[in-house]
Amino acid sequence: MILYGRTHCVGDNVGCDMIIAPALHDTSDPAVLAAHCLADADPALAEAAREGDVLLAGNNFGWGDAPEPAVVALQAVGLAAIVAASADAGFVQVAAGYGLPVLISSAATAIAAGHVVRLDLAAGTIADHATGAHFSANPSTPELVAAVRRAQLLRRMRQVVDEEGFDG
């Protein structure tokens with residue numbers, strides 16, 4: 001599966017509580033989660049992010065004891081994938097369950113914000129369209145690729161219902 005997205009960057013040690021504040025962990029409204037996503041790490045990200053964008057993170061991304069609300073917030077803001085130098089294994093596992101791939105590539109975090117990247121999940125490759133640079137990550141499992149497809153389909157179905165309504 002191939003994903004394309006514009007990049008947004010955050011630094012090292014971005015934990016779950018920095019992704020979404022603990023006071024909002026029980027919030028189920030995607031709009032609220034999106035508005036406050038990564039507010040401590042990059043206050044402008046929630047406004048700048050668009051559906052399908054990619055987050056570039058440094059070392060130790062997603063640490064902490066509340067990965068589920070953090071993953072939901074990242075998806076609510078529109079992020080389709082995370083590329084990190086390193087990430088918490090528990091966070092990566094929860095993200096995979098929600099269809100949010102986390103690719104580990106320390107070299108790819110050198111990609112600048114605003115660049116369009118091409119992620120080949122099955123092959124584990126990352127291409128920066130602005131510079132032509134290519135980076136490697138571990139290939140995604142077939143189960144993760146299937147989960148990403150389901151998440152993308154669900155996102156598209158929600159968009160159609162929002163735009164056209166539902167008479168069910």
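Q: What should I know about the model and its numbering before reading values?
A: The model is predicted, so local features need pLDDT of at least 70 and side-chain atom pairs count only at pLDDT 80 or more, while totals for chains, interfaces and linings use all residues. Residues are numbered from 1 along each chain as its sequence is written, and side-chain values use heavy atoms, with hydrogens and water left out.

Q: At what angle do α4 and α5 pack?
A: Helices are DSSP runs of H or I with at least four residues, and strands are runs of E with at least two, numbered from the N terminus. Axes are lines fitted to C-alpha atoms, for helices over the stretch in contact, and angles run from 0 to 180 degrees between N-to-C directions. Here α4 (residues 67-76) and α5 (residues 89-97) pack at about 50 degrees, their axes 9 Å apart.

Q: Which residues make the contact between α4 and α5?
A: Contact means heavy atoms within 4.5 Å. From α4 come P67, E68, A70, V71 and L74, and from α5 come F91, V94 and A95. Ala, Val, Leu, Ile, Met, Phe, Trp, Tyr, Cys and Pro count as nonpolar, Asp, Glu, Lys and Arg as charged, and the others, Gly among them, as polar. On that basis this contact has seven nonpolar, no polar and one charged residues.

Q: What is the volume of the largest pocket, and how is it lined?
A: On a 1 Å grid over the protein atoms alone, a pocket is an open set of points where a 1.4 Å probe fits, with protein on both sides within 12 Å along at least five of seven lines; lining residues have an atom within 4 Å of a point. Grid points are joined across faces, edges and corners, and a volume is the space filled by probe spheres set on the points. The largest pocket holds about 610 Å³. Its lining has 18 residues, with P30, Q75, A76, R155 and R158 nearest the centre. Helix α6 gives the most to this lining, eight residues.

Q: What classes of residue line the second largest pocket?
A: Eleven are nonpolar, three polar and none charged. This pocket has a volume of about 230 Å³.
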